[in-house]
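Hi,

Here is the structure I promised to pass on. My notes follow below it; have a look whenever you get a moment.

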Amino acid sequence: MKRRDFFKYFSSAAILSTLPKLSKAEKPEFNWKMVTTWPKNFPGLGTGAQFLANTIQKLSGGRIKVSVYGAGELVPAFEIFDAVSSGVAELGHGSAYYWKGKNDTFQFFSTVPFGMSFNEMNAWLYKGGGMKLWEKAYADFNLIPMAAGNTGVQMGGWFNKEISSLNDLKGLKMRIPGLGGEVLKRAGGTPVNLPGGELFTALKTGTIDATEWVSPYNDLAFGFHKAAKYYYYPGWHEPGTTLECFVNANKFSELPDDLKQIVTGAAKIANMDMLCEFISKNNDALEILQKKHNVDIRQYPDEVLKELYKISKDVVKELSLKDDFAKEVYNSYSSFQQKTNNWNEISIKSYLNI
Ligand code: CA
(Lines give C-alpha, C1' and ligand atoms only; values in the text may rest on other atoms or scores of the structure.)
Protein backbone atom coordinates (compact mmCIF):
# COMPACT_ATOMS: atom_id res chain seq x y z
CA MET A 1 0.00 0.00 0.00
CA LYS A 2 1.25 3.48 -0.84
CA ARG A 3 1.76 5.98 1.96
CA ARG A 4 -0.91 8.21 0.46
CA ASP A 5 -3.38 5.33 0.64
CA PHE A 6 -2.41 4.52 4.20
CA PHE A 7 -3.28 7.99 5.42
CA LYS A 8 -6.56 7.82 3.55
CA TYR A 9 -7.45 4.56 5.30
CA PHE A 10 -6.06 5.72 8.61
CA SER A 11 -8.55 8.61 8.65
CA SER A 12 -11.38 6.25 9.58
CA ALA A 13 -11.41 2.85 11.26
CA ALA A 14 -14.83 2.19 9.72
CA ILE A 15 -13.35 1.97 6.27
CA LEU A 16 -11.41 -1.13 7.30
CA SER A 17 -14.43 -3.24 6.56
CA THR A 18 -14.47 -2.00 2.97
CA LEU A 19 -10.87 -2.99 2.24
CA PRO A 20 -10.53 -5.66 -0.42
CA LYS A 21 -10.12 -9.23 0.76
CA LEU A 22 -6.59 -10.62 0.49
CA SER A 23 -6.01 -13.08 -2.23
CA LYS A 24 -4.98 -16.46 -0.82
CA ALA A 25 -2.06 -16.62 -3.20
CA GLU A 26 -0.58 -13.39 -1.83
CA LYS A 27 2.31 -14.23 0.46
CA PRO A 28 2.85 -12.06 3.55
CA GLU A 29 6.27 -10.46 3.87
CA PHE A 30 6.12 -10.80 7.66
CA ASN A 31 4.48 -13.65 9.55
CA TRP A 32 3.97 -12.40 13.08
CA LYS A 33 2.61 -14.00 16.23
CA MET A 34 0.70 -12.05 18.90
CA VAL A 35 0.58 -13.62 22.39
CA THR A 36 -1.99 -12.30 24.85
CA THR A 37 -2.90 -12.39 28.53
CA TRP A 38 -6.58 -13.01 27.66
CA PRO A 39 -8.52 -16.06 26.65
CA LYS A 40 -9.02 -15.84 22.88
CA ASN A 41 -11.86 -13.43 22.05
CA PHE A 42 -12.52 -12.63 25.73
CA PRO A 43 -15.09 -9.77 25.54
CA GLY A 44 -13.46 -6.36 25.12
CA LEU A 45 -9.88 -7.46 25.83
CA GLY A 46 -9.33 -10.60 23.75
CA THR A 47 -11.53 -9.16 21.02
CA GLY A 48 -9.45 -5.96 21.24
CA ALA A 49 -6.25 -7.94 20.64
CA GLN A 50 -7.86 -9.64 17.64
CA PHE A 51 -9.07 -6.27 16.31
CA LEU A 52 -5.52 -4.92 16.46
CA ALA A 53 -4.15 -7.97 14.64
CA ASN A 54 -6.81 -7.63 11.92
CA THR A 55 -6.15 -3.91 11.59
CA ILE A 56 -2.39 -4.39 11.11
CA GLN A 57 -3.08 -7.07 8.55
CA LYS A 58 -5.66 -5.06 6.61
CA LEU A 59 -3.82 -1.72 6.68
CA SER A 60 -0.67 -3.42 5.44
CA GLY A 61 -2.61 -4.98 2.57
CA GLY A 62 -1.62 -8.41 3.90
CA ARG A 63 2.12 -7.70 3.97
CA ILE A 64 2.07 -8.38 7.73
CA LYS A 65 0.09 -11.42 8.81
CA VAL A 66 -0.67 -11.56 12.54
CA SER A 67 -1.77 -14.81 14.21
CA VAL A 68 -3.30 -14.27 17.66
CA TYR A 69 -2.73 -16.75 20.48
CA GLY A 70 -4.96 -16.71 23.58
CA ALA A 71 -3.48 -17.13 27.07
CA GLY A 72 -1.83 -20.53 27.38
CA GLU A 73 -2.00 -21.38 23.67
CA LEU A 74 1.62 -20.58 22.93
CA VAL A 75 2.83 -19.32 26.32
CA PRO A 76 1.03 -18.86 29.69
CA ALA A 77 -0.68 -15.46 30.23
CA PHE A 78 1.97 -14.02 32.49
CA GLU A 79 4.91 -15.16 30.40
CA ILE A 80 4.08 -13.11 27.30
CA PHE A 81 6.35 -10.23 28.34
CA ASP A 82 9.42 -12.49 28.38
CA ALA A 83 8.26 -14.35 25.27
CA VAL A 84 8.12 -11.16 23.17
CA SER A 85 11.26 -9.79 24.81
CA SER A 86 13.20 -12.88 23.70
CA GLY A 87 11.57 -13.04 20.24
CA VAL A 88 9.44 -16.19 20.74
CA ALA A 89 6.60 -13.96 19.46
CA GLU A 90 6.72 -10.56 17.76
CA LEU A 91 3.76 -8.93 19.53
CA GLY A 92 2.21 -9.07 23.00
CA HIS A 93 -1.16 -7.77 24.25
CA GLY A 94 -1.71 -7.19 27.96
CA SER A 95 -1.54 -4.39 30.52
CA ALA A 96 1.58 -2.86 32.04
CA TYR A 97 0.61 -3.51 35.69
CA TYR A 98 0.97 -7.25 35.11
CA TRP A 99 4.73 -6.73 34.87
CA LYS A 100 5.22 -4.93 38.19
CA GLY A 101 7.46 -7.86 39.18
CA LYS A 102 9.93 -6.51 36.58
CA ASN A 103 9.50 -2.94 37.76
CA ASP A 104 6.85 -1.39 40.06
CA THR A 105 6.97 1.79 37.99
CA PHE A 106 5.26 0.05 35.05
CA GLN A 107 1.95 0.41 36.90
CA PHE A 108 1.78 4.09 35.92
CA PHE A 109 1.42 3.02 32.28
CA SER A 110 -1.64 0.95 33.13
CA THR A 111 -3.52 2.60 35.99
CA VAL A 112 -3.05 3.58 39.63
CA PRO A 113 -5.69 4.17 42.37
CA PHE A 114 -7.25 7.63 42.01
CA GLY A 115 -5.05 8.12 38.95
CA MET A 116 -6.03 9.51 35.59
CA SER A 117 -9.14 8.55 33.65
CA PHE A 118 -9.01 7.25 30.07
CA ASN A 119 -8.95 10.58 28.23
CA GLU A 120 -6.40 12.03 30.64
CA MET A 121 -4.20 8.93 30.30
CA ASN A 122 -4.28 9.20 26.51
CA ALA A 123 -3.42 12.90 26.67
CA TRP A 124 -0.51 12.19 29.03
CA LEU A 125 0.78 9.31 26.91
CA TYR A 126 0.50 10.95 23.49
CA LYS A 127 1.04 14.61 24.31
CA GLY A 128 2.36 14.87 27.86
CA GLY A 129 5.57 12.84 27.68
CA GLY A 130 4.10 9.56 29.00
CA MET A 131 4.85 7.52 25.88
CA LYS A 132 8.53 8.57 25.92
CA LEU A 133 8.84 7.37 29.52
CA TRP A 134 7.04 4.13 28.74
CA GLU A 135 9.38 3.51 25.78
CA LYS A 136 12.35 4.16 28.06
CA ALA A 137 10.95 1.72 30.63
CA TYR A 138 10.50 -1.12 28.14
CA ALA A 139 13.72 -0.47 26.15
CA ASP A 140 15.65 -2.41 28.80
CA PHE A 141 13.57 -5.44 27.82
CA ASN A 142 14.02 -5.05 24.04
CA LEU A 143 10.35 -4.03 23.72
CA ILE A 144 8.50 -1.10 22.16
CA PRO A 145 5.20 -0.36 23.96
CA MET A 146 2.05 1.14 22.47
CA ALA A 147 -1.29 2.00 24.07
CA ALA A 148 -3.83 -0.35 22.49
CA GLY A 149 -7.06 0.05 24.40
CA ASN A 150 -8.73 1.27 27.55
CA THR A 151 -11.49 -0.16 29.73
CA GLY A 152 -12.71 3.30 30.76
CA VAL A 153 -13.66 3.86 34.41
CA GLN A 154 -14.23 0.50 36.09
CA MET A 155 -16.79 -0.28 38.78
CA GLY A 156 -15.99 -0.43 42.51
CA GLY A 157 -17.14 -4.04 42.76
CA TRP A 158 -19.72 -6.49 44.03
CA PHE A 159 -20.41 -6.74 47.76
CA ASN A 160 -22.54 -8.96 49.97
CA LYS A 161 -22.32 -6.40 52.73
CA GLU A 162 -23.40 -2.77 52.77
CA ILE A 163 -20.57 -0.23 52.94
CA SER A 164 -21.85 2.65 55.05
CA SER A 165 -18.63 3.75 56.71
CA LEU A 166 -14.93 3.00 56.96
CA ASN A 167 -15.69 0.45 59.67
CA ASP A 168 -17.36 -1.73 57.09
CA LEU A 169 -14.05 -2.12 55.29
CA LYS A 170 -12.40 -3.55 58.41
CA GLY A 171 -11.87 -7.26 57.94
CA LEU A 172 -13.56 -7.16 54.53
CA LYS A 173 -12.22 -10.01 52.43
CA MET A 174 -12.17 -8.67 48.90
CA ARG A 175 -10.60 -9.80 45.66
CA ILE A 176 -8.77 -6.69 44.54
CA PRO A 177 -5.28 -7.06 43.05
CA GLY A 178 -2.31 -4.70 42.91
CA LEU A 179 -2.13 -1.23 44.40
CA GLY A 180 -5.90 -1.15 45.05
CA GLY A 181 -5.39 -4.20 47.27
CA GLU A 182 -2.62 -2.44 49.17
CA VAL A 183 -4.93 0.54 49.75
CA LEU A 184 -7.72 -1.73 51.04
CA LYS A 185 -5.23 -3.44 53.37
CA ARG A 186 -4.19 -0.11 54.89
CA ALA A 187 -7.88 0.73 55.35
CA GLY A 188 -8.23 -2.45 57.44
CA GLY A 189 -9.48 -4.89 54.80
CA THR A 190 -8.06 -8.19 53.60
CA PRO A 191 -7.25 -8.16 49.89
CA VAL A 192 -7.10 -11.51 48.16
CA ASN A 193 -6.09 -12.32 44.62
CA LEU A 194 -8.04 -14.97 42.74
CA PRO A 195 -8.20 -15.70 39.02
CA GLY A 196 -11.36 -14.53 37.24
CA GLY A 197 -12.72 -18.03 36.76
CA GLU A 198 -12.92 -18.65 40.53
CA LEU A 199 -14.61 -15.40 41.51
CA PHE A 200 -18.26 -16.32 41.09
CA THR A 201 -18.09 -19.40 43.33
CA ALA A 202 -15.91 -17.66 45.92
CA LEU A 203 -18.43 -14.83 46.18
CA LYS A 204 -21.46 -17.13 46.16
CA THR A 205 -20.12 -19.42 48.90
CA GLY A 206 -18.84 -16.55 51.07
CA THR A 207 -15.15 -17.42 50.71
CA ILE A 208 -14.83 -13.72 49.88
CA ASP A 209 -17.15 -10.83 50.90
CA ALA A 210 -16.59 -8.79 47.77
CA THR A 211 -14.86 -8.66 44.42
CA GLU A 212 -13.97 -6.10 41.84
CA TRP A 213 -13.81 -7.21 38.23
CA VAL A 214 -14.26 -4.74 35.38
CA SER A 215 -17.51 -2.95 34.56
CA PRO A 216 -21.13 -3.86 33.63
CA TYR A 217 -20.19 -5.37 30.22
CA ASN A 218 -17.82 -8.01 31.66
CA ASP A 219 -19.49 -8.29 35.07
CA LEU A 220 -22.92 -9.13 33.64
CA ALA A 221 -21.34 -11.91 31.55
CA PHE A 222 -19.82 -13.39 34.73
CA GLY A 223 -23.24 -13.35 36.46
CA PHE A 224 -22.03 -11.59 39.62
CA HIS A 225 -25.55 -10.23 40.18
CA LYS A 226 -26.52 -13.81 41.13
CA ALA A 227 -23.82 -13.95 43.80
CA ALA A 228 -23.83 -10.49 45.43
CA LYS A 229 -26.36 -7.95 46.67
CA TYR A 230 -24.68 -4.63 46.06
CA TYR A 231 -22.80 -3.16 43.11
CA TYR A 232 -20.66 -0.19 44.21
CA TYR A 233 -19.12 2.61 42.15
CA PRO A 234 -16.83 4.21 41.16
CA GLY A 235 -13.77 2.04 40.45
CA TRP A 236 -11.42 4.31 42.36
CA HIS A 237 -8.71 1.66 42.08
CA GLU A 238 -8.88 1.48 38.24
CA PRO A 239 -10.15 4.80 36.87
CA GLY A 240 -9.06 4.14 33.27
CA THR A 241 -6.93 1.08 32.69
CA THR A 242 -4.73 1.29 29.60
CA LEU A 243 -4.19 -1.90 27.66
CA GLU A 244 -0.94 -2.32 25.79
CA CYS A 245 0.60 -3.86 22.75
CA PHE A 246 4.35 -4.37 22.81
CA VAL A 247 6.59 -5.28 19.92
CA ASN A 248 9.96 -7.01 19.94
CA ALA A 249 12.36 -4.15 19.09
CA ASN A 250 14.53 -6.22 16.70
CA LYS A 251 11.52 -7.44 14.74
CA PHE A 252 10.13 -3.90 14.59
CA SER A 253 13.42 -2.55 13.24
CA GLU A 254 13.27 -5.08 10.38
CA LEU A 255 10.07 -3.43 9.07
CA PRO A 256 10.27 -0.82 6.29
CA ASP A 257 9.17 2.66 7.36
CA ASP A 258 5.65 2.46 5.95
CA LEU A 259 4.94 -0.78 7.85
CA LYS A 260 6.34 0.73 11.05
CA GLN A 261 3.82 3.55 10.70
CA ILE A 262 1.06 1.06 9.99
CA VAL A 263 1.78 -0.88 13.20
CA THR A 264 1.86 2.24 15.39
CA GLY A 265 -1.17 3.70 13.58
CA ALA A 266 -3.10 0.44 14.02
CA ALA A 267 -2.43 0.55 17.79
CA LYS A 268 -3.94 4.05 17.93
CA ILE A 269 -7.02 2.86 16.07
CA ALA A 270 -7.30 -0.13 18.44
CA ASN A 271 -6.88 2.15 21.45
CA MET A 272 -9.90 4.20 20.39
CA ASP A 273 -11.92 1.21 19.24
CA MET A 274 -11.67 -0.69 22.54
CA LEU A 275 -12.65 2.34 24.60
CA CYS A 276 -15.75 2.91 22.45
CA GLU A 277 -16.58 -0.81 22.65
CA PHE A 278 -16.46 -0.72 26.46
CA ILE A 279 -18.51 2.47 26.74
CA SER A 280 -21.17 1.27 24.34
CA LYS A 281 -21.43 -2.25 25.81
CA ASN A 282 -21.42 -0.87 29.38
CA ASN A 283 -24.39 1.34 28.54
CA ASP A 284 -26.43 -1.70 27.46
CA ALA A 285 -25.26 -4.01 30.25
CA LEU A 286 -25.96 -1.39 32.93
CA GLU A 287 -29.53 -1.08 31.69
CA ILE A 288 -29.99 -4.87 31.92
CA LEU A 289 -28.50 -4.98 35.45
CA GLN A 290 -30.76 -2.12 36.56
CA LYS A 291 -34.04 -2.95 34.84
CA LYS A 292 -33.99 -6.72 34.38
CA HIS A 293 -32.03 -7.87 37.42
CA ASN A 294 -32.91 -4.98 39.77
CA VAL A 295 -29.37 -4.78 41.06
CA ASP A 296 -28.82 -2.46 44.05
CA ILE A 297 -26.28 -0.03 42.57
CA ARG A 298 -24.72 2.38 45.05
CA GLN A 299 -22.03 4.98 45.30
CA TYR A 300 -19.35 4.50 47.96
CA PRO A 301 -20.05 6.96 50.78
CA ASP A 302 -18.03 10.21 50.50
CA GLU A 303 -16.28 9.52 53.79
CA VAL A 304 -15.03 6.16 52.49
CA LEU A 305 -13.85 7.61 49.16
CA LYS A 306 -12.05 10.46 50.92
CA GLU A 307 -10.14 8.08 53.17
CA LEU A 308 -9.28 5.72 50.30
CA TYR A 309 -8.09 8.77 48.33
CA LYS A 310 -5.72 9.82 51.13
CA ILE A 311 -4.28 6.32 51.51
CA SER A 312 -3.96 5.96 47.72
CA LYS A 313 -1.92 9.15 47.40
CA ASP A 314 0.57 7.71 49.96
CA VAL A 315 0.71 4.30 48.30
CA VAL A 316 1.31 5.80 44.84
CA LYS A 317 3.91 8.26 46.12
CA GLU A 318 5.84 5.41 47.72
CA LEU A 319 6.39 3.99 44.23
CA SER A 320 8.45 7.09 43.42
CA LEU A 321 10.96 6.37 46.17
CA LYS A 322 12.45 3.33 44.45
CA ASP A 323 14.92 5.02 42.08
CA ASP A 324 15.47 8.07 39.86
CA PHE A 325 13.43 6.69 36.99
CA ALA A 326 10.46 5.93 39.28
CA LYS A 327 10.68 9.51 40.53
CA GLU A 328 10.77 10.86 36.97
CA VAL A 329 7.66 8.87 35.99
CA TYR A 330 5.82 9.77 39.20
CA ASN A 331 6.62 13.47 38.77
CA SER A 332 5.52 13.51 35.14
CA TYR A 333 2.31 11.57 35.89
CA SER A 334 1.28 13.50 38.98
CA SER A 335 2.04 16.95 37.58
CA PHE A 336 0.02 16.15 34.44
CA GLN A 337 -2.83 14.87 36.61
CA GLN A 338 -2.80 18.01 38.71
CA LYS A 339 -2.94 20.24 35.65
CA THR A 340 -5.66 18.21 34.00
CA ASN A 341 -7.71 18.30 37.23
CA ASN A 342 -7.57 22.05 37.06
CA TRP A 343 -8.84 22.07 33.48
CA ASN A 344 -11.44 19.35 34.22
CA GLU A 345 -13.03 21.52 36.90
CA ILE A 346 -14.16 24.07 34.35
CA SER A 347 -14.67 21.69 31.40
CA ILE A 348 -15.94 18.10 31.66
CA LYS A 349 -16.80 18.17 35.37
CA SER A 350 -18.76 21.37 35.07
CA TYR A 351 -20.51 20.13 31.95
CA LEU A 352 -21.53 16.74 33.44
CA ASN A 353 -22.88 18.43 36.56
CA ILE A 354 -25.53 20.36 34.61
CA1 CA B 1 -10.50 -4.55 37.63
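Strand S6 (173-175), strand S7 (190-192) and helix H11 (302-319) are among what covers the buried residues of H6, where contact means heavy atoms within 4.5 Å. Those buried residues of helix H6 (residues 178-186) are Leu179, Gly180, Gly181, Val183 and Leu184; buried means under 20% relative accessible area (1.4 Å probe, protein chains only). Helices (H or I, at least four residues) and strands (E, at least two) are DSSP runs, numbered from the N terminus. After H6 comes glycine 188, with a positive phi near 105°.

Please keep in mind that this is a predicted model: local features need pLDDT of at least 70, side-chain atom pairs count only at pLDDT 80 or more, and totals for chains, interfaces and linings use all residues. Residues are numbered from 1 along each chain as its sequence is written, and side-chain values use heavy atoms, with hydrogens and water left out.

Glutamine 154 sits in the loop between strand S4 (143-150) and strand S5 (157-159), and tryptophan 213 in the loop between strand S8 (210-211) and helix H8 (216-222), so the pair ties together parts 59 residues apart in sequence. Glutamine 154 is buried, at 5% relative accessible area, and tryptophan 213 is buried too, at 14%.

Best wishes

Notes: Buried < 20%, exposed > 50% of the residue type's maximum accessible area, 1.4 Å probe, protein only.
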